[in-house]
Amino acid sequence: MIKEVIVVEGRDDTVAVKRAVDADTIETGGSAINARILQRIALAQERRGVIVLTDPDHAGERIRKIISAKVPGCKHAFIPEADATRKGDIGVENATPEAIRRALERVHTSYEGAESQIDMEDLMEAGLLVHPDAAARRMAMGNLLGIGYCNGKQFYKRLAIFQISREEFADALARIEDEGGGRTT
């Protein structure tokens, strides 16, 4: 049984999570997250802790940001888009139990106001910004670090929020280079 309550978007996500682990969930009802749901999440965070596990898409990111802003200190789990896509549909409900368990094993706690150990120059040198394959490299790096995919500015912010160390960053970068550089071509 997972101690924390897992926040998901809908009923199908709850079914997928329960196939993977023994856990309680709170469903946001999609991207129209309301004050009542946020109160339930805040209470769960206070009593047991919360893990946010939303779809790796724009709506999932929007929900994640709303929850993070209203309920500080939540943990976050990310399923790579490739592991959550079936027949062109992206969502937690499409992930295998193994993919969900892997995401939950790599949970990160958000820490707003944290200073990043990695700076923008590091991101440029790593080819994660202003590079022909920057988006693919960020996706590969985000998957390896367990922080999901996002644009360059948001990626920089996540490195700070989730306190990714220089060592973790360097290890993930070395893996990307060993595996072909995250290139799309």
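**Sheet, helix contact and nonpolar cores**

In this predicted model, 5 strands are arranged as an open sheet of mixed pairing, in the order β2-β1-β3-β4-β7. The edges of the sheet are formed by β2 (25–27) and β7 (108–109), each of which pairs on one side only. Within the sheet, strand β1 (residues 5–8) is paired with strand β3 (residues 50–52) in the parallel sense, over 3 bridges, and valine 7 has valine 52 of β3 as its bridge partner.

Helix α1 (residues 11–20) and helix α4 (residues 97–105) have axes that come within 8 Å and cross at roughly 85 degrees; the two helices are therefore roughly perpendicular to each other. On the α1 side the contact is made by Ala16, Val17, Arg19 and Ala20, and on the α4 side by Pro97, Ile100 and Arg101. Classified by residue type, this contact of α1 with α4 comprises 5 nonpolar and 2 charged residues, with no polar ones.

The largest nonpolar core contains 20 residues, of which Leu123, Met141, Leu145, Phe155, Leu159 and Phe169 touch the most other members. Two or more residues are given to this core by each of α6 (134–145), α7 (152–161) and α8 (166–178), and the largest share, 4 residues, comes from α8. When its neighbours within four places in sequence are left aside, phenylalanine 169 is in contact with Ile118, Asp122, Leu123, Ala126, Leu128, Met141, Leu145, Leu159 and Ile164.

Terms used: Residues are numbered from 1 along each chain as its sequence is written. This is a predicted model: local features need pLDDT of at least 70, side-chain atom pairs count only at pLDDT 80 or more; totals for chains, interfaces and linings use all residues. Side-chain values use heavy atoms; hydrogens and water are left out. A nonpolar core is a set of buried Ala, Val, Leu, Ile, Met, Phe, Trp, Tyr and Cys residues joined through side-chain atoms within 4.5 Å. Buried means under 20% relative accessible area, exposed over 50%, partly exposed in between (1.4 Å probe, protein chains only). Contact means heavy atoms within 4.5 Å. Axes are lines fitted to C-alpha atoms, for helices over the stretch in contact, and angles run from 0 to 180 degrees between N-to-C directions. Angles under 35 degrees count as roughly parallel, over 145 as roughly antiparallel, 65 to 115 as roughly perpendicular and the rest as oblique. Ala, Val, Leu, Ile, Met, Phe, Trp, Tyr, Cys and Pro count as nonpolar, Asp, Glu, Lys and Arg as charged, and the others, Gly among them, as polar. Two strands pair if DSSP finds at least two bridges between them.
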